[in-house]
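Hi,

Here is the structure I said I would pass on.

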Amino acid sequence: MDTILVVNAGSSSVKFQVFAVEGEGRLRRQLKGQMDGIGSRPRLRASGSSGEPAADRAYPIETVADVPAAMSVAGAWLRDELNIKPVAVGHRVVHGGPDHARPVLIDPAVVTRLERYAPLAPLHQPHNLAPIKSLLTNFPGLPQVACFDTAFHRDHHPLADHYAVPHALYDEGIRRYGFHGLSYEYVSKRLPQVAPEIAGGRIIVAHLGSGASMCAIKAGKSVESTMGFTALDGLAMGTRPGQIDPGVVLYMIALKGMSVSQVQDFLYRDCGLKGLSGVSNDMRELEASADPRAAFAIDYFVYRIGLNVGMLAAAMEGLDGFVFTAGIGENSASIRGRVAERLAWLGAALDPVENAKHATRISRSGSRIPVYVVPTDEELMIAQHTLTLLMNQQSPNPNRERVS
Ligand code: ADP
């Protein structure tokens, strides 16, 4: 059976999933795995479609010293031990830059172009591209597709896409890109099935995970995001501060003498829920903690979500529905309840029983703003894009859309 491999590579881990291609382009998840501890304590873990363990093995550090090595060890395991030989590979790539509003079939020219966006996402882009480059070298005939976290937001109105800086900076790429686009695209595509009453309207989707953002979606299209040039902006996150006056950064440099890399580490790793609580970046630990600073961090997280809802509703000139997704949004009834209280002035009223059950629709029947929980599936979105591009590529139709 044909399979598609989905790869999500970060600095210290490579996550992957395998999807079987069934009739009429349907996809069935077969396997999930990850190689983590790259360069420190490499470990391959994988599970099958029902969660049954498929692998858990440690490797010596020298065999998995970097992301390409992790990809090749995981790839060899899939190929040699499970006989999985994917017909195509779909990659999560954080930055598609100004030009990519949809996924793209990869060739060396595309890689060169995507490398140019590395300065726009220095912590992610090089790691996303590393397995792409090693697969291009080792399996040049294997179709690969890049799916971007920015693509879903590329049709924003120029007012939403600009900072108030000189146009020359906009032209060189300083724009409000927005992220988590694969998650928003997936949720937006699910809405007609799970929430038809709001699917065509003005909705806010809150992707609340370790990274957190919200997206204003009007008739299925992104019109505004809480994130901007990088994934630092917007809501407070596990370890990132969210919106912060750039004057604070200047202060850190000028008065505290911090270097660029120290400021970068600080903003990406030491702020957000972790910095505010001093306890943890993990919402479960904060919810379980008796430390008043943990409670304050949660209060702050919820407060900023409320503020940003106002901003996104203003961008759409109204609100017809609200959707929670990602780790916190899908699993924490308590955070959903607290956020909904902040939406009461807009007319949202949760049904506590449905909320506690993690039902799909968690608002009361009379709630002016229906509220939903829609589990996200970025990997399935990537697999679907990959399959679509693969079928376009193989299609004999000469009028098919060009993809690069
Ligand atoms: P990412 O994919 O960005 O790493 P996730 O979407 O998996 O993040 O979300 C991780 C966050 O979800 C963590 O803060 C974790 O504590 C939180 N989370 C997961 N399950 C629960 C739960 N049952 N209650 C509260 N928070 C949860």
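Below are my notes on the ligand site and on one pair of helices.

Before anything else, keep in mind that this is a predicted model.

I started with the ligand. The residues around it are Gly-209, Ser-210, Gly-211, Asp-282, Met-283, Arg-284, Glu-287, Ala-326, Gly-327, Ile-328, Asn-331 and Ser-332. Sorted by class, that shell has six polar, three nonpolar and three charged residues. Two helices, H11 (283-288) and H13 (326-331), each supply at least two residues of the shell. H13 gives the largest share, with four residues.

A polar backbone atom of Gly-327 sits 2.8 Å from an oxygen atom of the ligand. For Met-283, a polar backbone atom is 3.0 Å from a ligand oxygen. At Ile-328, the distance from a backbone N or O atom to an oxygen of the ligand is 3.3 Å. As for how covered the ligand is, on its own it would expose 570 Å², and the protein buries 67% of that.

The other thing I looked at is a helix pair. H6 (residues 181-194) packs against H16 (residues 378-394) with the axes 8 Å apart and an angle of about 85°. An angle from 65 to 115 degrees counts as roughly perpendicular, so that is what H6 is to H16. On the H6 side, the contact is made by Leu-182, Ser-183, Glu-185, Tyr-186 and Lys-189. H16 brings Glu-378, Leu-380, Met-381, Ile-382 and His-385. By class, this contact has five nonpolar, three charged and two polar residues.

Cheers

How values were computed. Residues numbered from 1 in each chain as written. Predicted model: local features only at pLDDT ≥ 70, side-chain atom pairs only at ≥ 80, totals over all residues. Heavy atoms only, no water. Near = heavy atom within 4 Å. Polar contact = N/O pair within 3.5 Å; in protein donor to acceptor, adjacent residues only side chain to side chain. Areas by Shrake-Rupley, 256 points an atom, 1.4 Å probe, with all protein chains shown as cover. Nonpolar A, V, L, I, M, F, W, Y, C, P; charged D, E, K, R; others polar. Axes fitted to C-alpha atoms, helices over the stretch in contact; angles between N-to-C directions. Parallel < 35°, antiparallel > 145°, perpendicular 65-115°, else oblique. Contact = heavy atoms within 4.5 Å.
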